[in-house]
Amino acid sequence: MSQPTDVLEINEKSPYYDITPGNQIYGGGGAKKFNTGEWRTETPVIDWDKCTHCLLCTPCCPDSCIPVKDGKREDFDYDHCKGCGICSKVCSFGAITMKEGI
Amino acid sequence: MGIRERMSGNEAVAHAIKQVNPDVMAAFPITPSTEIPQMVSTFIANGEIDTEFIPVESEHSSMSATMGACAAGARAITATSSCGLAFMWEVLYVAASDRLPVVMAVVNRALTGPININCDHSDSMGARDSGWLQIYAETNQEAYDNYIQSFRIAEHPDVRLPMMVCQDGFITSHAVMNIELIEDEKVKNFVGTYNPENYLLNADMPMAIGPYANSPFYMETKMNQRIAMKNAKKVILEVAKEFEKISGRKYGLFEEYKMDDAEYAIVIMGSAAGTTKDAVDALRAEGIKAGMIKIRVFRPFPGEELAAALSKVKAVAILDRAESFSGQGGPVGSELKAALMDAGVSAKAVNYFYGLGGRDYTVGDAEKVYRNLIDMTENGKKLEQFKYIGLRK
């Protein structure tokens with residue numbers, strides 16, 4: 001079994017012999033290390049006055065970008081949110097609006 | 001001692017599959033390879049093996065399921081022919097770049113069109129640049145032997161590439177010949193179990209297979225595939241040596257037939273090599289120094305080795321069983337001519353086509369090719385390229 005791949009060590013300067021066979025990446029969670037939120041073209045913004053912390057948005061987020069602490073949601077993880085807008089659609093209180101841009 | 005039997009090429013491959021008992025087979029039927037999954041299904045139904053058979057709705061799916069199973073950690077196989085192979089196209093490249101050692105029995109059949117069910121090599125030749133290892137058989141015995149060796153080659157840590165084990169549709173796949181089978185236990189011990197270092201179902205080490213590799217990574221990925229392909233040459237020869245110990249049968253990258261003092265040679269691949277050997281024998285009886293080389297391994301292409309084997313002939317005819325419409329010959333012809341030039345071999349080399357869509361290639365046809373080589377070399381006849389052998393005109 002291979003050691004977990006340090007994905008930051010495989011980059012655009014890596015020679016071919018430092019790249020794993022088939023570009024396989026071992027060990028999960030590698031995406032955490034990359035700012036994939038930069039792909040976003042729309043950005044969810046929360047209105048804390050309307051949010052009731054019902055937490056319906058959190059499990060609906062396909063990228064786990066709505067953290068919860070002590071039973072209450074926190075602000076979005078904008079480093080990884082792709083701006084899909086599902087959270088805004090499922091919010092029954094109109095607390096999440098999509099703004100154009102990043 | 002091996003077991004004397006008589007069976008068709010498809011039966012021989014199915015028997016090898018029974019002996020290997022792979023984890024997964026995903027397949028969709030297509031003539032002339034249909035019998036292979038059909039027979040394997042019967043073995044499974046009879047409880048003789050415990051392979052998981054996945055009946056799929058197409059070959060795109062069979063290759064996808066096969067490579068998916070392989071990625072998950074299974075020894076996974078499939079079989080196909082002709083348009084079935086063409087329908088796998090997209091996924092073939094993925095299996096190769098993801099470095100998944102799946103084994104596929106290919107029963108060569110002409111690609112449509114015009115629609116045709118008989119043998120030529122256009123199907124696997126079309127996939128020659130997909131990054132798969134390719135090995136070809138002259139007889140049912142070779143199809144069986146190659147199939148057994150394929151797992152050791154494809155799964156070798158220095159290789160890790162998918163492999164096509166090819167035989168000629170109907171000619172080899174359906175004709176019944178004598179064969180010497182190897183005892184089940186010997187085959188099982190030779191092939192061994194598949195223990196990939198990493199696999200998707202390993203909960204202790206989750207992994208990603210096939211990540212996006214745009215321009216900063218694509219060429220490096222291809223280089224690693226090329227190195228694996230190059231490594232395969234050595235591994236193929238090592239595996240052949242070990243195979244000889246359990247079978248008594250010798251294999252190399254290609255077979256040389258009466259090449260020691262040959263002045264005129266044919267290079268050919270597949271079942272037609274047998275026909276060509278008869279022509280060599282007939283010409284040798286007349287005192288003509290004819291010889292033949294049968295390419296066994298087409299990917300990786302043994303260009304340097306073939307050039308060395310042909311370095312002393314006066315003339316060579318390279319015979320292709322697939323058209324490529326390049327105007328510069330078929331796949332075997334153009335690659336071998338390039339290898340001859342790189343090696344500085346000065347023999348006259350012509351490239352002809354034979355057997356397209358199952359057209360007969362007879363001993364007489366092969367003899368004519370040799371006589372043509374002699375005419376070009378000794379009698380001042382103009383060198384003519386890219387002829388169709390047996391074309392009506």
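Trainee: What makes the five strands β10-β12-β11-β14-β15 of chain B an open sheet?

Mentor: Look at the two ends in this predicted model. The edge strands are β10 (254-257) and β15 (348-353) of chain B, and each pairs on one side only. The pairing in this sheet is mixed, and the twist averages 20° from one strand to the next.

Trainee: How do you know that β11 and β14 of chain B pair?

Mentor: Two strands pair if at least two bridges are found between them. Strand β11 (residues 264-269) and strand β14 (residues 315-320) of chain B have 4 bridges, in the parallel sense, so they pass that cut-off. As an example, B:Tyr264 has B:Ala315 in β14(B) as its bridge partner.

Trainee: Which helices pack on this sheet?

Mentor: Helix α12 (residues 331-342) of chain B does, touching β11, β12 (290-295), β14 and β15 of chain B. Its direction makes about 145° with that of β14(B). Helix α13 (residues 363-378) of chain B also packs there, touching β11, β12, β14 and β15 of chain B, and its direction makes about 140° with that of β11(B).

Trainee: Where are the edges of the sheet with 7 strands in chain B?

Mentor: That open sheet has the order β3-β2-β4-β5-β7-β6-β13 (chain B), with mixed pairing. Its edge strands are β3 and β13 (297-299) of chain B, which pair on one side only. Within the sheet, strand β6 (residues 133-136) and strand β7 (residues 163-168) of chain B are parallel over 4 bridges, and B:Gln134 stands opposite B:Met164 in β7(B). Helix α3 (residues 59-72) of chain B lies across β2, β3 and β4 of chain B, at about 160° to β4(B).

Trainee: Why are B:Glu35, B:Ile36, B:Pro37 and B:Val40 called buried?

Mentor: A residue is called buried if 20 or more other C-beta atoms lie within 10 Å of its own. These four residues of helix α2 (residues 35-45) of chain B are buried, so each reaches that count. Their cover includes α1 (9-20), β2 (24-27), β3 (52-55), β4 (76-80) and β5 (103-108) of chain B. After α2(B) comes B:Gly47, with a positive phi near 75°.

Trainee: What makes β1 of chain A and β9(B) a pair?

Mentor: The cut-off is at least two bridges. Strand β1 (residues 25-26) of chain A and β9(B) have 2 bridges in the antiparallel sense, so they meet it. In β9(B), B:Ala208 is the bridge partner of A:Ile25.

Key. Residues are numbered from 1 along each chain as its sequence is written. Chains are lettered from A and ligands numbered from 1 in the order in which they are written. This is a predicted model: local features need pLDDT of at least 70, side-chain atom pairs count only at pLDDT 80 or more; totals for chains, interfaces and linings use all residues. A residue is buried if 20 or more other C-beta atoms lie within 10 Å of its own, exposed if 12 or fewer, and partly exposed in between; C-beta atoms are placed from the backbone. Two residues are in contact if their C-beta atoms, placed from the backbone, lie within 7 Å. Axes are lines fitted to C-alpha atoms, for helices over the stretch in contact, and angles run from 0 to 180 degrees between N-to-C directions.
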